[in-house]
Amino acid sequence: MTASSLLEEISDVGRDPKRGGYSRHAFDAGETELRAWFVERAGRLGLGVETDRNGNIWAWWGTPGPDAVVTGSHLDSVPGGGAFDGPLGVASALDAVEILQAKGFRPAKPFAVAVFAEEEGGRFGVPCLGSRLLTGTIDADKARNLRDPDGVTFAEAAAKSGLDPARVGRDSERLGLIGRFLELHVEQGRGLIDLGSPIAVGNTVIAHGRWRFSFEGQGNHAGATLIGDRRDPMIPAAETVLAVRKLARTTADARATVGRLVPVPGGTNVIASTVDLWLDARVPGTDTPELVAEIAKLAEEAAGQEGCRVEVTRESYSDDVIFDDALRRDLGTWLGGPPELPTGAGHDAAILAGFVPSGMLYVRNPTGISHSPEEFSEAEDVDHGARALADALEKLST
Ligand code: HGY
Ligand code: MN
Ligand code: MN
């Protein structure tokens, strides 16, 4: 089946009627259904499927072994996300295997399609959780104790899905099998529209991190509490959101976002007792922590003026990544010299890049929008991308 038909096949899985788009998060109903879909589709291609101790799925074409060529991406989404971010790379990998099998190709090296768990961090808050666990770039205890918005820990959710939480963590043996990793992904900006090309080769991923700001004040009655008697955490939270924009504007090429803000208790006629907000900050190079420190300073001043306290906690951070030079150049040669693109979006390939030669292919998204229901890729470009992936994987596996 072509990648576009495979995407069509899952187009109703994990739809979010409230937000629009899709909400498919680690081990929830939608993502679990997609896992079953992937296992079934991989089985039809004769791939040997297994789930590793961290919840990542591996579909082996032939016997697992060292110097393996691995491709794949993720199936989970952001809340109310688009149809392509993640699943496009998985569907294209399945299509690429079918294309190669149909022409009688057999890989001369071990070969696998991988699906990484919780890439978006949409449930447990840490992006690329599955590939971070595989590579040991997150402490296993920290991971086990991550909590979702309902207070369920990753350990509990993993156990419920059949994993042994005591075994999550760096999997050196499995990591040692990977010779090359190549991820195809929908483009999440406008680069390919402006370049007039259906595909691009990835070159860099900018640094990015997530910080939680917890403001604490005094919950109280909205009508019976005079303004002068309030310690309302919503005020410093609001001032911090505005400070994020102001400071990001004055930092070269910075992106900083507050997309999630949770007042407790969240009543219309109630002055909040606490307000949590999450900052997603990304600056090329090493300036992200500095930008965050400036924002935190303003948050503390704003909290003080309202008689509130604020606690800032770093939840994740990844440095700039430059993909493997030789692989990037080979991809360019093999695919007829498509453009190269940097990205501000994080990916599992960027986590693996610290351990194995990794690369990315991007497929044109005519809307330039992502992490939103408007995310899109034309079927023609989707299938062009799958064929390009097949060509690259054939060269890598020869
Ligand atoms: O947030 C990101 O950059 C990616 O989509 N996880
Ligand atoms: Mn994403
Ligand atoms: Mn993604």
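Biologist: How far does a backbone N or O atom of Gly346 lie from an oxygen atom of ligand 1?

Modeller: Bearing in mind that this is a predicted model, the distance between that oxygen atom of ligand 1 and a backbone N or O atom of Gly346 is 2.6 Å.

Biologist: And how much of ligand 1 does the protein bury?

Modeller: The protein buries 96% of the 210 Å² that ligand 1 exposes when taken alone, and ligand 1 sits in the largest pocket.

Biologist: Which residues are around ligand 1?

Modeller: They are Glu119, Glu120, Arg282, Ala345, Gly346 and His371, and by class this shell has three charged, two polar and one nonpolar residues. An N or O atom in the side chain of Glu120 is 3.0 Å from a nitrogen atom of ligand 1, while an N or O atom in the side chain of His371 is 3.0 Å from an oxygen atom of the ligand.

Biologist: Switching to metals, what coordinates the manganese ion (ligand 2)?

Modeller: Asp85 through OD, Glu120 through OE and His371 through NE2 coordinate that ion, at 2.0 to 2.2 Å, and the spacing of these donor residues in sequence is D-x34-E-x250-H.

Biologist: Which residue bridges ligand 2 and the manganese ion (ligand 3)?

Modeller: That is Asp85, and the two manganese ions lie 3.5 Å apart.

Technical notes:
Residues numbered from 1 in each chain as written. Chains lettered and ligands numbered in written order. Predicted model: local features only at pLDDT ≥ 70, side-chain atom pairs only at ≥ 80, totals over all residues. Heavy atoms only, no water. Near = heavy atom within 4 Å. Polar contact = N/O pair within 3.5 Å; in protein donor to acceptor, adjacent residues only side chain to side chain. Areas by Shrake-Rupley, 256 points an atom, 1.4 Å probe, with all protein chains shown as cover. 1 Å grid on protein atoms, 1.4 Å probe; cavity = no way out; pocket = protein on both sides within 12 Å on 5 of 7 lines; lining within 4 Å. Sits in = over half its atoms within 2 Å of the grid points. Nonpolar A, V, L, I, M, F, W, Y, C, P; charged D, E, K, R; others polar. Donors = N, O, S within 2.8 Å, 3.2 Å for Na, K, Ca; no water.
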